[in-house]
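Let us walk through this structure step by step, moving from single residues to the way larger pieces are arranged.

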Amino acid sequence: MLEISEIFNAAAVLKDVARKTAIIPAPKLRPGTDIYLKTENLQLTGSFKLRGAYYKISQLTDEEKARGVIACSAGNHAQGVALGATHSGIRSLICLPAGAPISKIEATKGYGAEVCLVPGVYDDAYAHALELQKEHGYAFVHPFDDPKVIAGQGTIGLEILDQMPEVEAVIVPIGGGGLISGVAFAIKTLRPDVKVYGVQSSGAPSMAESLKEGKLCHLNDVSTIADGIAVKEPGVNTFDMCNRYVDEVVTVTDDEIAAAILALIEQQKIVAEGAGAVAVAAAMFGKLPIDGKKTVCLVSGGNIDVNTLSRVITRGLNKSGRNYTFIIDLPDKPGQLSGVCSTVGESGGNIISVSHERINTSTAISGCTIRVELETRDKAHIDELRRALQDKGYNVLN
């Protein structure tokens, strides 16, 4: 299906189009590991998707280009197709899930594409795009299950080997599987000793389940903050390539993804979207055997909606123990709240908000509860605060 020569050809085509994104050290993400980041979030259009989309469009015949192209996407592939089509002077129509981030929808329009919003998730947009293709004769640019698209994504594998010849492991996000198929094929063909690991969201584990079952699995629904990899069923070609070239596939939770996004912002000054942060999440939370290995995490995209980012940061703070809410059962008499606040302050906690409730069927008639939201240092600090409150005789309910 794919030859390494195709990936080298794609690299030549993309040489003056796609950025050769930097690999930067990230030693603080998980102490004891040697982690680096391949920063495709800084790619033109904010995602690796430009590579496969542009290369596919460049290989179309003049007749196909004249009919225009159609694609379906959760957002990033849409922008790559739009840019590639506009650069080639041809029309593009992109079907996006109606729930795609507004920033991705507007960016796709900004690159010159016509956008069709489809109710549902990626798979629904895909089905509608196929209907329109048959009706109007457009050339279809598949987001992942196409050899030309896979070849374009595989140029990242060539770059990693060129930029870091001593690499021992590479961790790659998986949605439909186009990215990891290209990267794994390139790396395993040239350096079979290098481990290639894949990561999915636990809310959309279509490739992980398919590999486990030994056949393509279709998920009834998907739910994850990593909208770019929320795919119900992997591709036929990508499933086969992952079977052959990928060493292991693991999943991470939304809370772990949120914590990874927060860590990238704070420690690396990098903004990643949910799908772009799953490789980092897998490394941070010890999902893969990378201790002692020089490991590259592929940060695949940075197109996160600002409103989503705000919610993700809150989840990330909670997951990492930087934000915590205590509920305390108290006698309803003067001075109780003051005592709680003093104890929290002495222990180094910073109070964000306090909510006081007298009428509660779960407390004594003469009692009340208070909810105290705090800024904390980490989970050990939360335990320290709990002990300090309990030592003062306060009944901490959670």
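**Rings, a sheet and its helices**

Tyr-324 has a relative accessibility of 23%, and it therefore counts as partly exposed. This value, like the others here, comes from a predicted model. Phe-326, by contrast, has a relative accessibility of 1%, so this residue counts as buried, the cut-off for that word being under 20%.

A search of the whole structure finds 3 aromatic pairs, and a pair of aromatic rings is described by the distance of the centres and the angle of the planes. Tyr-126 is partly exposed, with a relative accessible area of 26%, whereas Phe-140, at 13% relative accessibility, counts as buried. The rings of Tyr-324 and Phe-326 have centres 4.9 Å apart and planes at 70 degrees, so this pair is edge-to-face as well.

We can now turn to the strands. Six of them, in the order S1-S2-S10-S7-S8-S9, make up an open sheet with mixed pairing. Strand S1 (23-25) and strand S9 (248-252) stand at the edges, and because each has a single partner strand, one side of each is left without a neighbour in the sheet. On average, and with direction ignored, neighbouring strands of this sheet are turned by 30 degrees against each other. Within the sheet, strand S7 (residues 169-173) and strand S8 (residues 195-201) run parallel and are joined by 5 bridges; Ala-169, for instance, has Lys-195 in S8 as its bridge partner. Helix H12 (residues 274-284) packs on the sheet, where it touches strand S2 (34-39), S7, S8, S9 and strand S10 (294-299), and the direction of H12 makes about 155 degrees with that of S10.

Another helix brings us back to burial. Which residues are buried in helix H9 (residues 206-213)? They are Ser-206, Met-207, Ala-208 and Ser-210. The buried residues of H9 pack against S8, helix H10 (236-245) and S9. After H9 comes Gly-214, whose phi is positive, near 75 degrees.

Terms used
Residues numbered from 1 in each chain as written. Predicted model: local features only at pLDDT ≥ 70, side-chain atom pairs only at ≥ 80, totals over all residues. Heavy atoms only, no water. Pairing = 2+ DSSP bridges. Helix = DSSP H or I, 4+ residues; strand = E, 2+ residues; numbered from the N terminus. Axes fitted to C-alpha atoms, helices over the stretch in contact; angles between N-to-C directions. Contact = heavy atoms within 4.5 Å. Phe/Tyr/Trp six-rings, centres within 6.5 Å; stacked < 30°, edge-to-face > 60°. Buried < 20%, exposed > 50% of the residue type's maximum accessible area, 1.4 Å probe, protein only.
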